[in-house]
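Try each task before reading its solution.

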Amino acid sequence: MHKGLLEGIKRGETVIEARGITKRFPGVVANDHIDFEIRAGEIHAVLGENGAGKTTLMNILFGLLQPDEGEIYIGGQRVNFRSPLDAIDLGIGMVHQHRKLVSAHTVIENIILGHPKAGRILNLKKAEEEIAELCEKYGFKVDLRAKIWQLSEGEKQAVEILKTLYRGARVLILDEPTSALTPSETRKLLASIEAMARDELAIVPFITHKLPIVLAISDRVTVLRRGRVVSCQQTECATEKSLAREMVGREVIFRIERARVERGNPILQVENLSARSDKGFLALRGASFSIHEGEILGLAGISGNGQQELAEVLAGLRKAEGGRVIFEGQDITDASVLQRWQMGIGYIPSERTEVGSIGDFSLVENVAMNFYFDERFCRQGIVDYGKLQQLTEEIVSEYGVAAPSPVIKAKNLSGGNLQRLILARVLSRKPRLLIANLPTQGLDVGATEFVQNKLMQAKKEKAAILLISEDLDEILSVSDRVAPIYEGELMGILPAEEAMRETIGAMMAGLRSEGGEP
Amino acid sequence: MRVGAYELKLEKRVALAGWEATIISILAIVFALALFSILFILAGVHPLSAYREILAYAFVNSYGLPLTVNRFIFLLLCTSAFIIPLRARLWNIGMTGQFYAGALGAFAVLLAFGGKALPPPHLPPALVIPLMVTAAALSGAVLGAIAGFLKGRFNVNEIVVTMLLNFILYWLVAHMIKEGGPFMNPGGRGESFELPPSVYAPLIAGTPFTILLALGAAVFLHFLFAKSRLGYQIKAHGHSPAAARYAGISTFKIPFLVFVMGGVLAGLAGYHYFAAVPGVYKIARNYGYFGDLAFYGIICGLISLGNPLAAIPIALLFGGLSVGGRYVQGKLDMGFGVDYALLGVLMITLVAFQFFYRYRMVWMKTRRETVSVDGNLP
């Protein structure tokens, strides 16, 4: 392959062109004759719902998948990628949503890992200088000698970007780059992206739901829906509403209507609850709160501040280190997971594929996860799969899960559809208490709206809901009361309607509220 | 690979139908037999006549067939004992030890009833035989429970535990039946005392009733995994322990139960071979040979992809070939262990052919222009 196809390319010239890309997977056309073009020096956002074909297209451009039809041109030359190695050699870099770093190694070691210049003898000093130069140029602030596990999400991402740049990438494909970042990390990343674009690098962030970011940084935006290009336009001509409409195919209401529900009796009371993380430190420290019938309590905070531990203790998956959990007047601190399900507690875990579902199980078997113990579906130890299939068909159609049949495997569902299935499964138990851990993370506009509406509906049906989210807008618009959490401690509890965004933001960063109720 | 304008490509299978798996397995067996004929030819034996001899002895001959059936019962029980933990993604490498434990349990009952005395006393079969079967099952279960408990409670690797228990039980059997051991044969021939004829296992058309246990267990397991709540829990734990835990399935109960159940079946194999097979009726001196044969439960279980019904024909084939191979070795005066060699080749081929469970080959017409453009790139 040509190594230097992209050498000396000038601003505005076409870097990559894809023509008529078609990729079929069993039962679905993921990419349907897609034409797509990236120019040097531009930030070209790709938008689309989960399952619209963004990832497939990018994987094809990166050589991870081979298209069934269509051609790819790089710098005007027809190419045929056999593997990502070919793409990398031609100057295409991709930063995946999930980090691919060796956590026990240092930043430098990770960056030079697999680099052709890193032969048998490592010249760490020279590499360090070169990498430091890159950092300087694009405004990345990372301690190059730190070990990966010591870094924050944003810093890890910077390492991945540096790795591709150091490898000589002229085109950078970023998969949902801001999804795991805090607001300040996002700002820094965007500044770096702009700096890189000024340097004639072509950048393709593809993003599902953060439309304001698309509008703020990109030059052009391509919208995909159901494997086809719906539009490709200059970002100046687009608005948040027009993009959302193109993505979803209908009007999207951004502000969800907060349902007015009479606040009833307390369902969940948590007293001075503490728990340790997997690493053994006290991740949740003395949390006390209550959730009432028909109320949504929003737990606001950056991931890793004890939310996961709190959710798991409430679901029975983690032992409490101290304190009590009272559900409808009953002490359930030591109750088993199964007992909690049977009592009417439902948990939507943040790890959809690892915990919330079983990829090799059919949809019916996945639905059975919350019903195999239920007398209506299992008598004398025999599971009634016929009845479960009926239930699955019902909830698949009610919750709009895009699946050709209830017996396909769950791993064939896209992220948004999987989350719909999990939500449907848990909500159809009609839980009295629902713990929703990052229920809309990584979902597109349409699916997010859907999930939030379903939470509202459950609230109307008198469920008590704990909503754990990193998205402050979501917390403020959906919940009734907000509890910011920082380093395992609740910083106070405020009524959501009166809460100021800035106040909550400050509390998420560790500032305690003055007069909030405990 | 290219032939003319066509290219042979591998394509990932989306799903595998039962009949496809069957055809692939049959092709694998044919291929293995063809491969093994090279060895026969090298040894100067006509492969077709060798195979005729093997199959005729194993499946037709009135001396060979009962041997095959008894091997089959033994192998099927061991295979089922392997399959149950396998469905929970746990590896039972301890069928050998559980098999020994079952044999010891059965003979302990005899000893308690004074069965060691000479001349052999008359024992009430309606009481003693069920007790022997139960004791064999329980002894296997206890051994399985050790591995299951350690796995469920402390997450100790089950492969290591079951494997090491095999050694302990091997020497325990030696201790029990050799010089001075409580089960020692009064003649001191390095084997256990003989079963009193009054408690020989009942035969059904010349076959020990244990065949019903083995077939019944396979059918029961099929039902367990297809329909029951416990089967669902085992499968869920097998696919994802974290997801199973989330769904309220105990991460202690499942490993514990699957090893207990596996132990029960392997323990029954111990009763079967040493107390039910006509002509054996004692813990034989070469008990280690059967212990080694128990490992074939792993192979049969893997080839059947954990399907307890598919294990039936596979166990029958392996049982038959091990008997026929041993026979033909003597009959044709061959200088190597035909039985184990044949099983080995078969095993490797069947495992290699599982590649086709996941991929299939398709002929695709190549597009000339693509090739040339591809070729242009330096």
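Two strands pair if DSSP finds at least two bridges between them. Helices (H or I, at least four residues) and strands (E, at least two) are DSSP runs, numbered from the N terminus. This is a predicted model, in which local features need pLDDT of at least 70, side-chain atom pairs count only at pLDDT 80 or more, and totals for chains, interfaces and linings use all residues. Residues are numbered from 1 along each chain as its sequence is written, while chains are lettered from A and ligands numbered from 1 in the order in which they are written.

**Exercise 1. Find how strands β9 and β10 of chain A pair.**

Step 1: Locate β9(A) at residues 220-225 and β10(A) at residues 228-234; 6 bridges link them in the antiparallel sense.
Step 2: Pick out Val221(A), which faces Gln233(A) in β10(A).
Step 3: Look at the turn. The hairpin has 2 residues between its strands, and Arg226(A) there has a positive phi near 50 degrees.

**Exercise 2. Work out the strand order of the open sheet of 4 strands in chain A, and say which strands stand at its edges.**

Step 1: Reading across, the order is β12-β11-β14-β15, with antiparallel pairing.
Step 2: β12(A) (282-292) and β15(A) (330-331) are the edge strands; each has a single partner strand, so one side of each lacks a neighbour in the sheet.
Step 3: Follow β11(A) (residues 266-276), which is joined to β12(A) by 7 bridges and runs antiparallel to it. Val270(A) has Phe289(A) of β12(A) as its bridge partner.

**Exercise 3. Describe how helices α3 and α4 of chain B cross.**

Step 1: The axes of α3(B) (residues 64-87) and α4(B) (residues 95-112) come within 10 Å and cross at roughly 125 degrees. Axes are lines fitted to C-alpha atoms, for helices over the stretch in contact, and angles run from 0 to 180 degrees between N-to-C directions.
Step 2: The two helices are therefore oblique to each other. Angles under 35 degrees count as roughly parallel, over 145 as roughly antiparallel, 65 to 115 as roughly perpendicular and the rest as oblique.
Step 3: Now list the residues: Cys78(B), Ala81(B) and Phe82(B) from α3(B) meet Met95(B), Gln98(B) and Phe99(B) from α4(B).

**Exercise 4. Is Met364(B) buried or exposed?**

Step 1: Met364(B) has 12 other C-beta atoms within 10 Å, so it is exposed. The cut-offs are 20 or more such atoms for buried and 12 or fewer for exposed, with partly exposed in between.
Step 2: Not counting residues up to four places away in sequence, Met364(B) touches Tyr6(B), Glu7(B) and Lys9(B). Glu7(B) is 357 residues away in sequence, yet 5.1 Å away in space, C-alpha to C-alpha.

**Exercise 5. How many residues of helix α1 of chain A are buried?**

Step 1: Find α1(A) at residues 54-61; 8 of its 8 residues are buried. Among them are Lys54(A), Leu57(A) and Ile60(A).
Step 2: Read on to Gly63(A), which follows α1(A) and has a positive phi near 85 degrees.

Note on methods:
Two residues are in contact if their C-beta atoms, placed from the backbone, lie within 7 Å.
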